[in-house]
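I am opening a notebook on this structure and will write down what I look up, entry by entry.

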Amino acid sequence: MLASLIIVFREVLEAGLIVGIVLAATQGVVGRGRWIALGIVGGIIGSCIIAAFADGISSLFADTGQEMFNATVLLIAVVMLAWHNAWMAQHGRELARDMKAVGHAVRSGEKSLAALAIVIGVAVLREGSEIVLFLTGILASEEGGIATVAAGGLGGVALGALVSVLLYAGLVQIPTRHLFATTTWLLTLLAAGMAATAVNFLAQGGMLNAGGTVLWDSSGILRDNSLIGQALHVLVGYTDRPTEAQLIAYVGVVAGILLLTRWAAGKPPSDRSRVASAAE
Amino acid sequence: MRRVSLLSAACALALSGAAFLSAAPVRADDAITIVIKDHKFEPAEVKVPANKRVTLLVDNQDATSEEFESGEMKVEKIVGGRKQIKVMVGPLKPGRYPFFGEFHEATAQGAVIAE
């Protein structure tokens, strides 16, 4: 049971850390609880469906279905994170000013919350399907009855949720004036890490044949499947044996999001805000 | 309109890497079979030709699922109970590349030897 608990804990942690960052990034935004919950529930339902069709998915695209699926959903999350950051750069000042005003600013804030809900959904989907496959496998064998599986599963979920809550609690200790910049960077590094992971799935699936040289091996210092290594893997995209392609993707996404947010911040405010401020 | 263009820009960011993708996955020759039985790999050591893309056929004969993983070969793939998956590795320089089953790490240990 302990072995199951640890495995479930680690999978939950990978998704939970992302939820913690998103919660901190949306601190004070109206309606964020609803959207985050939607992302989690959607991810859980999706993970059961994926687990049920895992065999079929695996054999798609000449047996590279799993790799293609993982790469695709990760890249969707990268796009959502890039878009969210750009949107916040464009509308952040408006939102902060009009936080109390119901209407345009808050309603269009929902689009950015939807993007984050998709990011959470993707993370929960990926880790959740692994958890479902793992636990149903134990049930299918003679090795564990319902009680053992339930105990290990629930225990792992509880522990993973606890660590994620601790991350969130730690993040919101950051003074408000620095919280936005900190969480923007965390979301950017999250996106970069996901892109690097996606690139590895593409390489594994044979879709990407360039840049496969491993640049360094830091597994002597920190293995990426140790507890801290795994947390860093989620938070900043740490991997102990990065390939050229992974480094390019990582740096490319960070640079790309920085440029995108700079460009978006320079765009003029929306029509209604212009009218509103003209009327003041 | 503005929202659409922001989204397009974000998509362009992701798709710009698509220039490096192959049209079809590189096909390897005959697969080398590794069986999972009682949470152990059989054979535990597998020889593969070096500097070539190689396909491993992981045949899980247990009822439990397993996650076939190797940091050295940079692969990670789930195989359900009583199912098979194909995992492509390489091209590998000559050497020893350990792999393990994440769900039963204590006993599921093996290595690929490229020579």
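Entry 1, contacts along chain A. I took the contacts in chain A between residues at least 6 apart in sequence, and 83% of them join residues at least 24 apart. I note that this is a predicted model. I then looked up the elements: chain A has ten helices and zero strands. Read along the sequence, the pattern is α-α-α-α-α-α-α-α-α-α. I also looked up burial, and 47% of the 280 residues of chain A count as buried.

I looked at the largest nonpolar core, which holds 104 residues. Those that touch the most other members include A:Ile18, A:Val119 and A:Ala195. H5(A) supplies the largest share of this core, with 17 residues. I picked A:Ala191, also in that list, and looked up its contacts. Leaving out residues up to four places away in sequence, A:Ala191 touches A:Val78, A:Leu81, A:Ala82, A:Val253 and A:Ile257.

I asked myself which residues of H2(A) are buried. I found A:Arg32, A:Trp35, A:Gly39, A:Gly43, A:Ser47, A:Ile50 and A:Ala51. They cover an arc of only 130° around the axis, so they sit on the same side of H2(A). An α-helix has 3.6 residues a turn, so residues three or four places apart point the same way. On the other side of H2(A), I found A:Gly33, A:Arg34, A:Ala37 and A:Ile49 exposed.

I looked up the contacts between the chains: 44 residues of chain A are in contact with 32 residues of chain B. On the chain A side, the elements that give two or more residues are helices H3 (54-63), H4 (65-97), H5 (104-140), H7 (176-204) and H9 (244-265). H4(A) gives the most, with eight residues. I sorted the residues on this side of chain A by type and got 21 nonpolar, 14 polar and nine charged.

Is B:Val112 buried or exposed? It counts as buried because it has 24 C-beta neighbours inside 10 Å, and the cut-off is 20 or more. Not counting residues up to four places away in sequence, B:Val112 touches B:Val46, B:Val48, B:Met73, B:Val89, B:Tyr97 and B:Phe99. I also checked B:Leu57, 55 residues apart from B:Val112 along the chain, and their C-alpha atoms are separated by 13 Å.

Notes. Residues are numbered from 1 along each chain as its sequence is written. Chains are lettered from A and ligands numbered from 1 in the order in which they are written. This is a predicted model: local features need pLDDT of at least 70, side-chain atom pairs count only at pLDDT 80 or more; totals for chains, interfaces and linings use all residues. A residue is buried if 20 or more other C-beta atoms lie within 10 Å of its own, exposed if 12 or fewer, and partly exposed in between; C-beta atoms are placed from the backbone. Helices (H or I, at least four residues) and strands (E, at least two) are DSSP runs, numbered from the N terminus. The arc is that of the directions from the helix axis to the C-beta atoms. Two residues are in contact if their C-beta atoms, placed from the backbone, lie within 7 Å. Ala, Val, Leu, Ile, Met, Phe, Trp, Tyr, Cys and Pro count as nonpolar, Asp, Glu, Lys and Arg as charged, and the others, Gly among them, as polar. A nonpolar core is a set of buried Ala, Val, Leu, Ile, Met, Phe, Trp, Tyr and Cys residues joined through C-beta atoms within 7 Å.
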